[in-house]
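Please look over the protein shown here before reading on. The notes that follow take up a few of its parts, one topic at a time.

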Amino acid sequence: MRNSDLSSPLDSLDSLDSLDSSPGAMRHQIAAETLRARSGAALPGLLLTALALGALGQLGSVYAETELAANAVDASHRVVNLAASATLFSSLFGALLITGEFKSGSIGRSVLYAPGRGAVVGAKLLVAGLVGLVYGLVSVLCSLAVGAAAFASKDVSLVLDGRTWQLAAAVVGVCALAGPWGAAIGFVVRNQLIAVIGLVMWGTLGQLMVLGQFPQVGRFLPDGAQLAVLGDRLTLPSALDAPYGLLLLVAWGAALALLAHRTFTRRDV
């Protein structure tokens, strides 16, 4: 009997990775991942939670300001900046998008019907980024609406200057990058509970401890880069300039995406 006759069915399945990598197949893969992302309660649930927490912070910021009319510019900027809290929920969605499939075992079917494992990684990261973009846009719009209403209750107008729109764009950008970041972590960690707890603990406590105790190190970490993009020197006075922060944030995301691709394509599912 020839050695080729002894090849296992899994070998045949692995060879499918290179059979169909056409643009049409990739479009179908992205469409499938988009449909999967829209299914279930994770997308709206996390978004509503992000909006609710953001609104509470924005209302508290406005009503805590005793001289709102005199400090309207800075207060307006803080309101928009607080919309960046949606980045945590964007990354959580990205992680759940991946780890949910590992938990249910459906990741095997995703690989089987995909053009290849690399296509699975690419499509999921792209969809997570699109969802993060939506989170950012909706969070910014909500912050403007909540801020305008809170300002109006004190007979003051929300300031919509160039810096306000610059901050709005920065919030949308970091939310869009946070989605693939969470998804890449999901590919590496795989365990849903560990991924979620890790993201929440780091996003609420870990980054504050590192940035507070070791700012010269923290400024080069993803959270420090994010604060640089947002221009938040109150939290991190030693933050990089915004353009360098953006480059650093993209570099961190690219490195984690490569790690996700490497681990997913080399480990069993």
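Does Thr263 count as buried or exposed? This is a predicted model, and in it Thr263 has a relative accessibility of 15%, so Thr263 counts as buried, because buried means under 20% relative accessible area.

**Surroundings of Thr263**
- Thr263 belongs to helix H12, which covers residues 242-266, and a polar atom of the Thr263 side chain lies 3.0 Å from the backbone oxygen of Ala260.
- When residues up to four places away in sequence are left out, Thr263 touches Phe187, Val188 and Arg190.

**A covered helix**
- Helix H4, made of residues 72-81, is mostly covered, since seven of its 10 residues are buried, among them Ala72, Ser76 and Val80.
- The buried residues of H4 pack against helix H3 (42-63), helix H7 (117-153), helix H8 (162-189) and helix H11 (222-230).

**A nonpolar surface patch**
- On the surface, Leu193, Ile197, Met201, Leu205 and Met209 form a nonpolar patch that together has about 520 Å² of accessible area.
- One of these residues, Leu205, is placed in helix H9 (residues 192-213), and because its relative accessibility is 46%, Leu205 counts as partly exposed.
- An α-helix has 3.6 residues a turn, so residues three or four places apart point the same way.

**Confidence in the model**
- The protein has a mean pLDDT of 88, with 92% of its residues reaching 70 or more.
- Among the elements of the protein, H8 has the highest mean pLDDT (96) and helix H1 (residues 9-15) the lowest (40).
- Over residues 1-20 the pLDDT is below 50, and this stretch has nine contacts in the model beyond near neighbours in sequence.

Notes. Residues numbered from 1 in each chain as written. Predicted model: local features only at pLDDT ≥ 70, side-chain atom pairs only at ≥ 80, totals over all residues. Heavy atoms only, no water. Patch = residues over 30% accessible without salt bridge, like charges linked within 9 Å, V, L, I, M, F, W, Y side chains within 5 Å. Areas by Shrake-Rupley, 256 points an atom, 1.4 Å probe, with all protein chains shown as cover. Salt bridge = Lys/Arg side-chain N within 4 Å of Asp/Glu carboxyl O. Helix = DSSP H or I, 4+ residues; strand = E, 2+ residues; numbered from the N terminus. Buried < 20%, exposed > 50% of the residue type's maximum accessible area, 1.4 Å probe, protein only. Contact = heavy atoms within 4.5 Å. pLDDT = per-residue confidence, 0-100. Polar contact = N/O pair within 3.5 Å; in protein donor to acceptor, adjacent residues only side chain to side chain.
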